[in-house]
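Subject: Structure handover

Hello,

Here is the structure to look over before we next talk. My notes come after it.

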Amino acid sequence: AWTNSSRTNASVMRVLLLLAFVCAVLGREAKKDPRECEVCISTLAEIDNLLTVEQRKDNEKIEGVMQDYCDKSKGKEKTMCYYMGVGDKEMGTAGGVKRDISSSFARGINSKRLCARLKKKDAQMCELRYEKKIDVKNTDLKKLRVKELRKICEDEGISTVGLAEKDEFVNKIKTHFGIKDDFDVAMNPMSCYSFYNFARCGIQELDRRLIGDSCIA
């Protein structure tokens, strides 16, 4: 027969096990990547927005819209199309979930829910991530690699013809974004922060500058 002490110990043990389970679940949720499935969700949401009420009634018409979208897509979206089974003559396809997707669209399942389902069938559907865009104006460009600088130029439509050295890429990007070096700002006679103008501006002028008065940075 169990004593009161034994029953108490058993109850405490059950509570501890329950707490451990809850902590484990919460821990997994906390570690979940907020960017998970971002390309999948974005791509399917774009296709979903292209579908008309009439097209949603026919899986083949839905797949036709998917194909049109994928034929024009590039980058991560193009890779996503490959995983979806909606490739082109060059890439082909990686699987056969195209009908699963079209039938889900027909039933009105949204992209987020649909990607969660697709992940269970093929994990790579949710492994695609967009490249993090560099905040050019708040980044020390000289610390970036040439490959990263070249990517910035491509994204912003900056011509790289004739550029070879790292400094050339940095200067071209700075010119495009109107970024001045600290030295240039300091030597600008019109700047309140310049060596020439600091004494004239004084504290009062610096305060006035903050509300858009005479001195400029």
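This is a predicted model: local features need pLDDT of at least 70, side-chain atom pairs count only at pLDDT 80 or more; totals for chains, interfaces and linings use all residues.

Residues are numbered from 1 along each chain as its sequence is written, and side-chain values use heavy atoms, with hydrogens and water left out.

Disulfides

A search of the whole structure finds 3 disulfides (a disulfide being a pair of cysteine sulfur atoms within 2.5 Å). With bonded cysteines counted along the chain, the pattern is 1-6, 2-5, 3-4. Helices below are DSSP runs of H or I with at least four residues, numbered from the N terminus. Buried means under 20% relative accessible area, with a 1.4 Å probe and protein chains only.

Cys-37 is joined to Cys-126, with an S to S distance of 1.8 Å. The torsion about their S-S bond is about 100 degrees, so this disulfide is right-handed. Cys-37 sits in the loop between helix 1 (4-31) and helix 2, and Cys-126 in the loop between helix 6 (111-121) and helix 7 (146-156), so the pair ties together parts 89 residues apart in sequence. Cys-37 is buried at 7% relative accessibility, and Cys-126 is buried at 3%.

Cys-40 and Cys-115 form a disulfide with their sulfur atoms 2.0 Å apart. The torsion about this S-S bond is about -100 degrees, so the link is left-handed. Cys-40 lies in helix 2 and Cys-115 in helix 6, so parts 75 residues apart in sequence are tied together. Cys-40 is buried at 0% relative accessible area, and Cys-115 is buried at 0% as well.

Cys-70 and Cys-81 form a disulfide, again with the sulfur atoms 2.0 Å apart. The link is left-handed, with -85 degrees about the S-S bond. Cys-70 is in helix 3 (residues 59-72) and Cys-81 in helix 4, 11 residues apart. Cys-70 and Cys-81 are both buried.

Helix 2 and helix 4

The axes of helix 2 (residues 38-50) and helix 4 (residues 75-84) come within 10 Å and cross at roughly 85 degrees. The two helices are therefore roughly perpendicular (65 to 115 degrees). In helix 2, Val-39, Cys-40, Thr-43, Leu-44 and Ile-47 meet Lys-76, Glu-77, Met-80 and Met-84 of helix 4, contact meaning heavy atoms within 4.5 Å. The residues of this contact divide into 6 nonpolar, 1 polar and 2 charged.

Regards

Terms used
Axes are lines fitted to C-alpha atoms, for helices over the stretch in contact, and angles run from 0 to 180 degrees between N-to-C directions. Angles under 35 degrees count as roughly parallel, over 145 as roughly antiparallel, 65 to 115 as roughly perpendicular and the rest as oblique. Ala, Val, Leu, Ile, Met, Phe, Trp, Tyr, Cys and Pro count as nonpolar, Asp, Glu, Lys and Arg as charged, and the others, Gly among them, as polar. Buried means under 20% relative accessible area, exposed over 50%, partly exposed in between (1.4 Å probe, protein chains only).
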